[in-house]
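Me: Can you walk me through this one? I have not seen it before.

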Amino acid sequence: MKVVLSWLKDYVDIDLSLEELARLLTRIGLEVEEVHSIGLPYPDDSVTGMKSDGHQEFKFNGLAWAPDKIVVAQIDEVMPHPNADRLVLCRLKDGVDEYVVLTGAPNLFEYKGRGPLPQPLKVAYAREGARIYDGHAEGLVLTTLKRAKIRGVESFSMVCSEKELGISEEHEGIMLLPPDAPTGTPLVDYLGDAVYEVSILPNMIRNACMLGVAREIAAALGKPLRKPVHSLPVTGAPLEGQVAIEITDPNLNPRFVLGLVRDVRPMPSPDWVQRRLKLAGMRPINSIVDATNYVMLEIGQPLHAFDYDVLVERAGGKAPTIITLDNVERQLDPYTILVTDTAGALSLAGVMGGLESEVTDRTRTVLLEGACWNFINIRRTISAQRLSSEAAYRFSRGVHPSLSQWGVELGMDRIAGWSGGSIAAGLVDAYPLPAVDPVVEITVEDIHRLLGIDLDLNLAAELLKRLEFICRMDEDRLLVQTPPHRLDIGTGVTGKADIIEEIARMVGYDQIPATRLSSSLPPQRGNAALEREEKLRDILARLGLQEVITYRLTAPEREERLAPLDGEYMALQNPIAPDRRVMRRSLLAALLEVAERNIRLRERLALFEIGPVFIPQPDGDLPAEPTRLAIFMAGQRDLPAWDGASPTRLDFYDLKGIVEAMLAGLHISGAVYELAVDARFHPGKCASIVVNGSQLGVFGELHPAVQRRWDLGDAPALCADLDADALLACLPDRRETLPVPAYPAILEDIAVIVDEAIPASRVADLIRQTGGKLVVDVRLFDVFRGDQIGSGKKSLAYSLTYQSMEGTLTDRETAQVRNRIVRRLEQELGAKLRGE
Amino acid sequence: MSEEQHPILNQLEQIQQDALAVLETAVDEAGITAWRSAHLGRTSPVMTVFSQMGQFPKELRPLVGQRANQVKLALEAALAEQAERVRQAELAQKLAAETLDVTLPGRPQTLGRLHPITQTLREIYRVMGEMGFQVYRARDVETDDYNFTLLNIPPHHPARDMWDTYYMTTPGMVLRTHTSPGQIRAMREYAPDPIRVILPGMCYRYEQVSARSEIQFNQVELLAVGKGITFGDLKGTLTDFARRMFGQNVRTRLRPSYFPFTEPSAEMDVECFVCGGKGCQVCKSSGWLEILGCGMVHPKVLENGGYDPREFTGFAAGMGPERITMLRHRIDDIRYFWSDDVRFLEQF
Ligand SMILES: [Zn+2]
């Protein structure tokens, strides 16, 4: 909300610099986003050359007007320029001397050549050396007025437009000041002001008005608050009997107040009213509409002015629709509240008025509505009608019903004051659901318990009274009654918290001492799942893989690239984009998209992600969110260097090496790998992993036909799609270490020829089984196929490590073991020892 | 001993001088070998003296033998010295020939890295862990109840405007807009024990993706519930946290704010560590960076979690690891995080 400094000063004395006020507002919860200065100085201002102490806390903009350089002046005569049609010469007095000043302002042309003006024009006059904005430049460009000759006339000063003074973007002519502006006065003294852009928290809608902000400032400073008053006498006949109110549902409309002003003449509002409305971000319209807006900005109560004579003339059936002020015909929902008369709909309650009964220049009688609406209903109407307004903004957050009456009274006063007319005696007030302002009980212990400070209750009462709470001491309790302008204070324990927050705000958050948690440390619970997951991340990173994190939102067709759809998705009702409309079911599909974006950037790409997928459950249960691990590798085995070693590509066994090292790092043993059938993978290059009967998933080379669906180049894409939950469940809780052998090991190679169909793992398993305790390591070091050993055969060469914990093995002992192994391989696998 | 020296003694002297004079010319292995056979070999002059010992007068023989032996030893020592010099020179030459261009790049190795957000999360875990806060994780797809209603945000409440929510097609389900539903889950699981947890997790926002805004983002919340926990404790804990994360001398400020699930509520700003509070682009010339929202747990939320608000109090705070990472590393586009360009990721 735009808060106007000069307006605030109607209600509270403020003797602070712009920066001090910004700091104060922010400290009490009215966060200042920006300060726009109109002529007033502010820190670190490149215009005035003022420098701050190095700590800038707020964003400032606008122009500071030097008091001796920019003043109020009067133009006594506007004369034609001898050589230029589009320029005029002004005879001008600035309180010191008289000058002839050159300008091209079109709004002075009407006075050209009329001789001395009966009433001088008051203007903002910038003397030589003044710093102002260049009116002709794009955006805001600072310039210093210098002596110059324009078309033969010497010029060293100028009359300014709003843009040149940094007030607005307006540069169609110069700014004209009210006739009573005192000539010679520094402009900053006459017009200097500031607009604070303040963000209003949802529970502080009471402060979406000048009085609300002023009340907070007064409370923080401990100064008195001057509330606006209505002063015009009531001169008209009573309203009683002219209108009647019928409220169909008090819950939706707790209060409805009407007042009447007769014999009005809508006209432009006084200059100062228009200026304030503009600074507050509203467009002046006429003196009646302006009065309703002014009161809303003043005390926070939106008002609506009807043309009473139109209401009287209206006839005919009730329309199911309404045409609102923005000229849109609106279909209505059952929950929309309408203000109607006997002839039908008048306005969308609390949101926008109807076009038909709108106040116009011809309006002579104004019926003024001040009401209170159910905020939830207003919210639903706003969203259904996709329509908002300043009034709806306030009503949708809750306006206290007590303001209805005050608002109408102030409104009538402003209307009659600015448009003439007579105020009808009395109001018609329907108040079927009076507000109950909560009373909250507070003790010293309550305050201590929540804030950790000891605060005397009398002091607390003093602080609360500044915010208009009504406080009463009752022995050792403080009874706090909520003032009738706010709806944010609850009852019971909630009320206590609400009131204590107000106390904390008034004490100042910065005044509450910081302490260290002294309550006892809760029983400590580890998070084994997270710790294991993080361990897995570390291991994969140690193995040279880059971790990525992808979107958990996707589209079925994105995942369909990897495999045909299999099952339902958790779908969004309101996706922001069609390609992010469901929760992912496949982590690997997401990883492949990352791979596609990066594949051309690196010779070797090795990526992994650990994250959840989302599997719908029956019966409206929340989805399962199992954790998956996806790995992608492709490209060169070794990164290319400058010495021209010929590159080799990563293949299945590189990925398997990663998988094996990962399991080793996790201390998971006993993994069984089998050729797996999975449509996503190459039928001959895909393995499943099973540990202790638990399926961990598959890995292998992507099926070439599948790989083609992404732009992944022609190197084999090696992928793993693993169940991280199952994998991490295999982690042993504890494990033992083996002693380092005290006796030397004996190494020996065995090469056997077996049928191609026999998996290498069977040979190794048999060697291990047969070797027993004495064979501590079996490592395959060569696989050979060729004519020498015959077709359909392969030679597998193993390096065996014999070792005993009891002593040094003799050649005879190892030979015995070796012979047993060879016999077993011959018998069970038909193996032949190579080289025999 | 006779006054006159026997010529053989001068001769031995001469042999030694002659041999040493040419030793300098043995500058390689072959020269050393040749010199050895010429001056210490069987037919060399000094060895010849030994073999012709019989030619000398008997009384002179011991002296000649002794002197010949001295010459031999001197020559051997000189040879060993020269041979060592030759070896050193040859080695130096060999090594010189092997000189590399050390400015050539090394053979590239692959360094695996964790995603920057994983790194930031771990740092937060570590700092808070040292204060006794343990990680509690909850789900991404939540019920409307847990995400809003139980957190004191009833349907149609104005506070719901604070979140741009994704709704699931299954009625009553949403993508969590914050990790706060985990507060209720943790409380219901732990009550009536005291609680100190941090709640990390991915949250979702119905908003167009831009440099400043993402549809998914991480959040980390702190939650402490117990007897005698105060706003002062909240301030102290967060100040300590800020010091650990952003620098020992960093200034912080707490200003009133609003969250439906805390009361009193506050926003914590940390003095801009880019410009030191002078005002820069990162802090939008304000000198301060908004780092986290916090407050005392609302009595209704405590109640919904199973704690009696007349007996227990607590505080909660929430922050965005992406924002923290962006501020610390001057990242100006939040989309970098999930687009996973290796040219970005490899910088962490
Ligand atoms: Zn900064």
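Predicted model: local features only at pLDDT ≥ 70, side-chain atom pairs only at ≥ 80, totals over all residues.

Me: How many residues of chain A are in contact with chain B?

Reply: 96 residues of chain A touch 109 residues of chain B. Contact means heavy atoms within 4.5 Å.

Me: And what area is buried there?

Reply: About 8800 Å² between chain A and chain B. Carbon and sulfur atoms give 55% of that. Buried area is the accessible area (1.4 Å probe) that two parts lose on being put together, summed over both.

Me: Which residues in chain A lose the most area to chain B?

Reply: Leu517(A), Arg525(A) and Ile576(A). Together they make up 9% of what that side buries.

Me: What does Arg525(A) meet in a salt bridge?

Reply: Asp193(B), side chain to side chain, at 3.7 Å from N to O. A salt bridge is a side-chain nitrogen of Lys or Arg within 4 Å of a carboxyl oxygen of Asp or Glu. The count between chain A and chain B is 9.

Me: Which helix or strand gives the most to that side of chain A?

Reply: H14(A), with 7 residues. Helix H14 covers 528–542 of chain A. Helices (H or I, at least four residues) and strands (E, at least two) are DSSP runs, numbered from the N terminus.

Me: New topic. How is chain B divided?

Reply: Into domain 1 (3–97) and domain 2 (116–345). Their C-alpha centres lie 90 Å apart. Domain bounds come from an automatic or database domain assignment.

Me: And how is chain A divided?

Reply: The assignment includes domain 5 (528–729) and domain 6 (746–833). The C-alpha centres of domain 5 and domain 6 of chain A are 35 Å apart.

Me: What order do the strands of the open sheet in chain A have?

Reply: E39-E40-E38-E41, 4 strands with antiparallel pairing. Two strands pair if DSSP finds at least two bridges between them. E39 (775–784) and E41 (832–833) are the edge strands, each pairing on one side only.

Me: How many bridges join E38 to E41(A)?

Reply: 2 bridges, and the strands run antiparallel. Val752(A) has Leu833(A) of E41(A) as its bridge partner.

Notes: Residues numbered from 1 in each chain as written. Chains lettered and ligands numbered in written order. Heavy atoms only, no water.
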